[in-house]
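Student: Please take me through the labels used in this model. For each one, I want the value set against its cut-off.

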Amino acid sequence: MKKLLVYFIFSITILAISSFLLAPQDIDYDESWKQVEENVKKGLPKSALKIVDEIYQSAKSENNNPQVLKALIYRVSLQSRFEEEHVINAIKTFELELNAASSPEKQIVHSLLAELYNWYYQDNRWKINERSVVTGIDLEDIHTWDAVKLNKTIHDHYLTSLEDPVQIQNVKLKVYEDIVKNAGEENLELYPTLYDLLGHRALTYFSAPEAGLADISSQVKLEMSELLSPVDDFVNVKLKGDSASNEFITISLYQRLLKLHLDNENNKALVDLDLNRLSFVYNNMLRSDQVNDFYISTLTDL
């Protein structure tokens, strides 16, 4: 089953400040996006950008969050074709948007920022990883950041994207299908709410090795066999250990998402997510015959 992905275009940069000064006007979004695509195909990114700016201004005046976000994503993508340091400039654009954003757009922007910072780290990790842990970092200059600072920033944005869970659990992801790839009915059953998408995006980061760079205290194998228990029991397990550790955060996220789908009886989403949970826990546990037996038993039960 295909996973939903926020429809990013991977090279991103900042919009000229003057574009924010354009007067909003009523537009036909579908027709405007067709014009954008036509200009892109003709190799005219600046002409496409002018239309995207009009879409942004109109959507902003109407509080049309999906169109605002789509315009931001397209805007910085188009500018990446003729500006340097496009990822850094994109981060500045989304940080500015964050200052004025309200829920649920705010949570989405936090998630986008987390991924942008991660892109910067991945693109420059060969340089960044050669640096020692830096004291007295210039918070305004990302060029000076070490791996710990970068991953701590990514870590914080992903966690902040999941704040106010009750509200974003009630936002159907279909509302944001304009900025979601593979938003077919089958995939929307697996990711029915905005909380599902943001939660899965956070899980992808926290379950990856790089996330450990923001958690330099102790990286240990999981020891609680209860973490491999059937889902009805797993969601009620009292977690032990450092609540700031990536393992704790990942397991806690699985509990929250699985409980959501137990409560709403979405079995497709539940099974898909629970298979991921079992795989993560098993691959991060100290192995023993007992652990193997727990794993097989729970898979059989599922």
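**Labels and cut-offs**

Student: Where do aspartate 156 and lysine 152 lie?

Tutor: Both are in helix H6 (residues 147–160), four residues apart, about one turn of the helix. Helices are DSSP runs of H or I with at least four residues, numbered from the N terminus. The model is predicted: local features need pLDDT of at least 70, side-chain atom pairs count only at pLDDT 80 or more, and totals for chains, interfaces and linings use all residues. Residues are numbered from 1 along each chain as its sequence is written, and side-chain values use heavy atoms, with hydrogens and water left out.

Student: What makes aspartate 156 and lysine 152 a salt bridge?

Tutor: The term requires a side-chain nitrogen of Lys or Arg within 4 Å of a carboxyl oxygen of Asp or Glu. Their N to O distance is 2.9 Å, so the pair qualifies.

Student: Why is arginine 75 called buried?

Tutor: Buried means under 20% relative accessible area, exposed over 50%, and partly exposed in between (1.4 Å probe, protein chains only). Arginine 75 has 0%, so it counts as buried. Its salt-bridge partner, at 3.5 Å (N to O), is aspartate 53. Aspartate 53 is at 7%, and therefore buried.

Student: How do you know how H2 and H3 are oriented to each other?

Tutor: Their axes come within 9 Å and cross at roughly 155°. Axes are lines fitted to C-alpha atoms, for helices over the stretch in contact, with angles from 0 to 180 degrees between N-to-C directions. Under 35 degrees counts as roughly parallel, over 145 as roughly antiparallel, 65 to 115 as roughly perpendicular, and the rest as oblique. H2 and H3 are therefore roughly antiparallel.

Technical notes: Helix = DSSP H or I, 4+ residues; strand = E, 2+ residues; numbered from the N terminus.
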